[in-house]
Structures are given as C-alpha cells and as structure tokens.
Amino acid sequence: MDHDKPYSQAYIQDILRSVKNIAMVGASPDKTKFSYGVLRVLHETGYNMIPVNPREDLKEIRNLKVYPNLASIDKQVDMVEVFRKSEDLYKIAEEAISINAKVLWGQIGVFDYEAAKLAEKAGLKVVMNRCPKIELFRPFWKPKLNLEDF
C-alpha cells in the first residue's frame with residue numbers, strides 16, 4: 001500500500017468497524033495530552049481500550065488497567081494504536097505481529113515505511129499519520145459505521 005496517498009474511505013471504515021479491542025501504546029493519564037482525549041472518546045464510543053505505558057507507578061487510566069507492554073496484555077488485541085515517536089514504530093510493529101494484532105495504526109505524525117512493510121508482510125492492515133478519533137467522526141461516515149449500535 002502507498003502510505004503517501006490518502007487512505008480510501010472503505011479501508012478506514014472497514015478497520016474502524018471490524019476492531020473492538022484497541023491497545024494504545026503511549027497512553028497518558030494526563031488529561032491535557034492528546035492521547036488521553038483519544039482514549040476517552042474511543043472508549044466512550046464503545047471500543048475496549050487497553051492503555052499501554054511502561055511507567056511502573058501507573059496502574060489505571062480512566063479505570064482501565066494499564067499494561068507495561070503489548071506482550072503483557074491478557075486478551076486478544078485487534079488494533080495497536082501508537083502514540084510514540086516514528087522511530088519507535090518498527091519495534092512496536094514487531095510486537096504487534098507477535099501478539100497477532102490485525103491492525104497497526106500510527107497517530108498523526110507517526111510513520112515509518114519499513115514498519116509498514118514489515119506489518120503488511122505479516123498480514124496486518126496499516127494506517128499511519130492519522131487519528132482514529134478524527135476518522136471515526138467524519139460526518140459523512142457516522143451513519144455508515146452504524147454508530148447507533150454503540
């Protein structure tokens with residue numbers, strides 16, 4: 001896939017309709033951080049959010065158990081959403097593959113073409129430099145995603 005071109009509406013819609021459990025690598029308990037706002041909105045929309053943050057003192061975000069890494073998550077992860085630096089994405093792609101995630105999603109500003117190739121070769125769908133919260137609430141998508149079910 002050419003990640004320099006816009007993703008098709010169908011591609012994004014298929015991902016957002018098919019995933020349920022989203023591990024957010026780089027989740028923050030700080031309410032002023034963008035990752036907190038995205039986690040909150042996706043959780044309130046009906047996704048099962050799984051915060052991932054290696055801070056030893058951090059046990060919960062929004063009453064959700066925080067995991068130190070992807071390997072420690074004790075349930076199936078459908079999508080790994082990444083709020084980290086672009087240079088961290090390749091290692092996170094390796095971890096996403098090892099836990100059998102279906103999607104690797106890099107937040108706005110997070111992209112690495114080699115990580116995308118690795119993940120796609122392993123069968124994952126990849127989105128980079130996009131925000132699922134923004135994509136989810138594009139006005140022309142809401143009815144197509146059947147959000148009334150949430």
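**Notebook: salt bridges, pocket and surface patch**

I began with aspartate 57, which counts as exposed at 57% relative accessibility, and I kept in mind that this is a predicted model. Its partner in a salt bridge is arginine 55, with the closest N and O atoms 3.1 Å apart, and arginine 55 is partly exposed, having a relative accessible area of 40%.

I then searched the whole structure and found seven salt bridges. One of interest joins the side chains of glutamate 44 and arginine 62 at 3.3 Å, N to O; because glutamate 44 lies in helix 2 and arginine 62 in the loop between strand 3 (60–61) and strand 4 (64–65), this pair ties together parts that are 18 residues apart in sequence. I noted glutamate 44 as exposed, at 51% relative accessible area, and arginine 62 as partly exposed, at 26%.

Next I looked up arginine 84 and aspartate 88, whose side chains meet in a salt bridge of 3.4 Å, N to O. I also recorded that salt bridges with shared partners join Arg40, Glu44 and Arg62 into one network.

Turning to the largest pocket, I read a volume of about 380 Å³ and a lining of 18 residues, with Val25, Gly26, Val52, Pro54 and Arg84 nearest its centre. I sorted the lining into eight nonpolar, five polar and five charged residues, and saw that helix 3 (residues 89–98) gives the most to it, with three residues.

Last, I checked the surface and found a nonpolar patch of about 280 Å² made by Phe34, Ile108 and Ile134. Phenylalanine 34 sits in helix 2 (residues 34–45) and is partly exposed, with a relative accessible area of 43%.

Terms used: Residues are numbered from 1 along each chain as its sequence is written. This is a predicted model: local features need pLDDT of at least 70, side-chain atom pairs count only at pLDDT 80 or more; totals for chains, interfaces and linings use all residues. Side-chain values use heavy atoms; hydrogens and water are left out. On a 1 Å grid over the protein atoms alone, a cavity is a set of points where a 1.4 Å probe fits but cannot get out, and a pocket is an open set with protein on both sides within 12 Å along at least five of seven lines; lining residues have an atom within 4 Å of a point. Grid points are joined across faces, edges and corners, and a volume is the space filled by probe spheres set on the points. Helices (H or I, at least four residues) and strands (E, at least two) are DSSP runs, numbered from the N terminus. Ala, Val, Leu, Ile, Met, Phe, Trp, Tyr, Cys and Pro count as nonpolar, Asp, Glu, Lys and Arg as charged, and the others, Gly among them, as polar. Patches are made of residues with over 30% relative accessible area and no salt bridge: like charges are joined within 9 Å, nonpolar side chains (Val, Leu, Ile, Met, Phe, Trp, Tyr) within 5 Å. Accessible areas come from the Shrake-Rupley method with a 1.4 Å probe; for residues, only the protein chains shown count as cover. A salt bridge is a side-chain nitrogen of Lys or Arg within 4 Å of a carboxyl oxygen of Asp or Glu. Buried means under 20% relative accessible area, exposed over 50%, partly exposed in between (1.4 Å probe, protein chains only).
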